[in-house]
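Here is a short report on one protein model. Have the sequence and the 3D view open as you read.

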Amino acid sequence: MKFTIGRNADNNYIVDNDTVSGDHAEILVSDDFETFTLVDLESTNGTYVNEIEIVSKKITAKDVIRFGSHRTDQGNLFDQLTKYIKSQRTDFTQEFGQLLKIEAAYKTKRRSLNKNYSLIAMLPRLVITVLVVVVIYFFPNIKSELRYPLMIGATFLGSTISTLGISERKKEELLDELKTEFQLNFVCPKCGSELSGKEGIFWKEKKACRNKQCNATWQIKS
Ligand SMILES: [Zn+2]
């Protein structure tokens with residue numbers, strides 16, 4: 001894949017500067033989209049990486065790049081390059097694999113949250129019940145016909161307190177937070193369309209984005 005740079009309007013990155021040639025340079029992108037090689041296209045005023053003139057050189061987002069006397073805003077150049085690569089790519093198998101991992105992690109977190117909080121919710125119930133049963137047992141002057149209703153009442157009170165307790169609300173809050181975070185991340189790697197309405201297994205079978213304007217596809221071998 002090739003990303004072209006120059007003054008001419010048909011370039012991918014247009015630099016409006018007199019010291020920049022019409023077709024000044026290009027960035028060659030490796031097949032795995034990991035390596036970028038900047039190549040000077042015999043420009044009049046040269047291409048520089050970290051102030052050294054180059055013909056062809058591997059670059060990263062950290063390098064200072066200059067075309068003629070125009071020093072590029074590196075962040076902007078790499079943003080444009082990343083956007084261009086994304087627009088050209090259609091196979092997003094690798095990124096979709098990450099989505100499946102995000103979904104699995106979400107489900108695990110949700111399960112452990114539910115489990116932990118049901119334990120915490122049980123605790124006050126248990127303590128209150130034991131306490132009241134002990135009190136009733138050690139005060140023999142309570143009439144026996146009152147003893148059982150009191151015991152049942154104590155159990156009921158305990159469970160009511162734990163249901164209305166802070167832990168239950170906190171749990172719902174945390175579950176909501178978790179869900180929101182998941183929804184933000186579980187999106188098409190190309191166009192950002194929300195995919196959280198359906199499970200990962202559905203998208204895995206569909207092998208493509210829900211957005212008809214988006215041509216992202218993925219092939220996950222099972
Ligand atoms: Zn998409």
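With 9 C-beta neighbours inside 10 Å, E51 counts as exposed, because the cut-off for exposed is 12 or fewer. The model is a predicted one. E51 sits in the loop that links β5 to β6 (52-54). Its backbone deserves a look: phi of E51 is positive, about 70 degrees, although the residue is not a glycine. Most residues other than glycine have a negative phi.

E42 also has a positive phi, near 50 degrees, and is not a glycine. Its place is the loop between β4 (36-40) and β5 (47-49). E42 has 12 C-beta neighbours inside 10 Å and therefore counts as exposed.

Now to the strands. V29 belongs to β3, residues 25-29. V29 counts as partly exposed because it has 19 C-beta neighbours inside 10 Å. Leaving out residues up to four places away in sequence, V29 touches M1, F3, F36 and I85. K212 lies 183 residues from V29 along the chain, and their C-alpha atoms are 27 Å apart.

The neighbour counts, side by side:

| Residue | C-beta neighbours inside 10 Å | Class |
|---|---|---|
| E51 | 9 neighbours | exposed |
| E42 | 12 neighbours | exposed |
| V29 | 19 neighbours | partly exposed |

Last, the overall layout. How is the protein divided? There is a domain 1 (2-88) and a domain 2 (93-206). The C-alpha centres of domain 1 and domain 2 are 53 Å apart.

How values were computed:
Residues are numbered from 1 along each chain as its sequence is written. This is a predicted model: local features need pLDDT of at least 70, side-chain atom pairs count only at pLDDT 80 or more; totals for chains, interfaces and linings use all residues. Domain bounds come from an automatic or database domain assignment. Helices (H or I, at least four residues) and strands (E, at least two) are DSSP runs, numbered from the N terminus. A residue is buried if 20 or more other C-beta atoms lie within 10 Å of its own, exposed if 12 or fewer, and partly exposed in between; C-beta atoms are placed from the backbone. Two residues are in contact if their C-beta atoms, placed from the backbone, lie within 7 Å.
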